[in-house]
Amino acid sequence: MKIASIRAMRLTVPPHEARTAPRRPSWAQDAEVANPMSRYPKVKRHRGLWLPKWEGVWCMVTAEDGTWGIGQTTNGRVSAAIIEDHLAPQLVGEDCFAGEKLADMLFRLTKPYGSVGLASYAISAVDLGLWDLRGKLLGKPVYSLLGGPQKDRLFCYCTGNDVDWYQELGFRAFKLACPHGPADGLDGLRKNEEFVAQAREQIGDACELMLDCWMAFDVEYAVRLAETLRPYRLKWIEECLIPEDLDAHVALRERLPWQTLATGEHWYTHVPFGWAISHRVADILQPDIQWCGGLTTCQHVAAAADAAGVSVILHGGGNSVFGQHLSYATPSVPWCECFVGTPPGVPLEEAWRLPGQAVPKDGWLIPSDAPGFGLEILREWLTPFFGG
């Protein structure tokens with residue numbers, strides 16, 4: 001079956017308001033989170049002050065018989081232009097089932113302007129659209145195309161700082177967003193310890209606790225913080241460093257041989273993950289399936305990790321149907337992340353669910369068994385990103 005068209009699209013889902021009134025605002029609305037720009041006071045308070053306002057992008061891949069699949073990424077018109085102007089014309093007419101060939105073409109096509117970063121986002125949307133299309137053509141869920149369920153259900157951990165609410169929802173593993181970094185000095189270090197200590201007291205000793213540092217630290221601060229937090233038994237510390245500073249990752253591993261380290265959310269293509277595995281700088285790799293190159297790239301990362309005895313836990317894997325399906329079918333993926341930024345008191349099924357997307361219940365999740373990724377999106381909800 002040949003590819004007839006590939007288009008960047010906007011998705012407009014009919015309005016859906018939560019029926020349940022929130023008890024309080026979400027932590028994500030105004031909480032300070034340490035980040036790479038924290039050294040600059042005018043944007044320090046919140047990531048929303050400096051992150052780009054680009055919208056999401058969907059990619060529709062249509063076969064010659066009219067069957068279509070969809071993938072998703074971010075970064076708005078930049079990603080959409082790469083899809084429309086460059087990637088789509090090169091893939092139209094190819095066999096939609098030649099997955100490895102198509103993924104390799106996408107990787108190599110973008111070499112003149114760099115396959116990492118923004119190009120990788122566009123590649124991800126195309127790759128995911130192709131997987132959705134194959135599942136629909138074969139009448140099978142994508143996880144079946146990957147070999148079928150590897151586990152009965154997915155254990156989910158929750159990311160966010162409304163820990164009491166996540167406990168009510170049934171989660172038993174919690175990842176905090178670290179509020180302070182090097183710019184806050186010793187006072188910030190003390191506040192970070194108080195923040196983690198409070199969470200540990202809240203959840204007790206029978207639950208897991210992790211800390212997300214979102215590229216905010218240098219090696220010295222990461223070591224000092226890890227040593228300070230050692231009494232609170234963190235399962236892992238995540239993404240402490242600027243992702244491009246590979247030497248710093250080696251140094252951090254050498255300085256903290258006892259601490260489980262996780263990273264990879266902002267690595268793109270399979271290449272840096274291969275480097276991380278060979279240099280043993282991380283115990284848990286965290287590619288984002290909508291950013292790093294799509295499901296095919298994540299397959300390559302997971303296979304390499306499995307061979308090396310390293311785990312893969314997708315960034316935000318539980319928040320998308322794409323991550324749910326890969327995690328369900330893949331042996332090296334033990335857990336699934338669910339970021340919850342919606343207000344306490346609002347049930348998850350009212351808050352961030354696309355039609356057809358499974359939501360965790362009591363900390364566990366089973367993906368949809370509908371063809372493709374199982375999204376129940378109508379064709380009329382999709383319009384060309386650039387019109388026409």
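**Helix α4**

I started with α4, which has 21 residues. I took the distance from its first C-alpha to its last and got 31 Å, close to the 30 Å expected at 1.5 Å a residue. This is a predicted model, and my values are computed from it.

Next I checked burial, with buried meaning under 20% relative accessible area. In α4, 17 of the 21 residues are buried, so the helix is largely enclosed by the rest of the structure. Just past its end I found Gly139 with a positive phi of about 70°.

**Helix α2**

I moved to α2, residues 76-91. Its 16 residues should span 22 Å at 1.5 Å a residue, and its end C-alpha atoms are 21 Å apart, which agrees. I also looked for a bend. There is a kink of about 35°, centred on Ile83.

Ile83 is also one of the buried residues of α2. Others on that list include Gly76, Ser79, Glu84 and Leu91. What covers them? I found that the cover includes strands β1 (3-11), β2 (57-63) and β3 (68-73), along with α3 (99-109) and α4 (118-138). Just after α2, Gly93 has a positive phi of about 95°.

**Whole chain**

I then stepped back. I counted 13 helices and 13 strands. A compact globule of 388 residues would have a radius of gyration near 21 Å, and the chain has 21 Å, which agrees. The C-alpha trace spans about 60 × 50 × 45 Å along its principal axes. Buried residues make up 56% of the chain. The accessible surface is about 16300 Å², with 52% of it belonging to carbon and sulfur atoms.

Definitions and conventions: Residues are numbered from 1 along each chain as its sequence is written. This is a predicted model: local features need pLDDT of at least 70, side-chain atom pairs count only at pLDDT 80 or more; totals for chains, interfaces and linings use all residues. Side-chain values use heavy atoms; hydrogens and water are left out. Helices (H or I, at least four residues) and strands (E, at least two) are DSSP runs, numbered from the N terminus. The expected span of a helix is 1.5 Å times one less than its number of residues. The bend at a residue is the angle between axes fitted to the seven residues ending there and the seven starting there. Buried means under 20% relative accessible area, exposed over 50%, partly exposed in between (1.4 Å probe, protein chains only). Contact means heavy atoms within 4.5 Å. The radius of gyration is taken over C-alpha atoms; the globule rule is 2.2 Å times the number of residues to the power 0.38. Accessible areas come from the Shrake-Rupley method with a 1.4 Å probe; for residues, only the protein chains shown count as cover.
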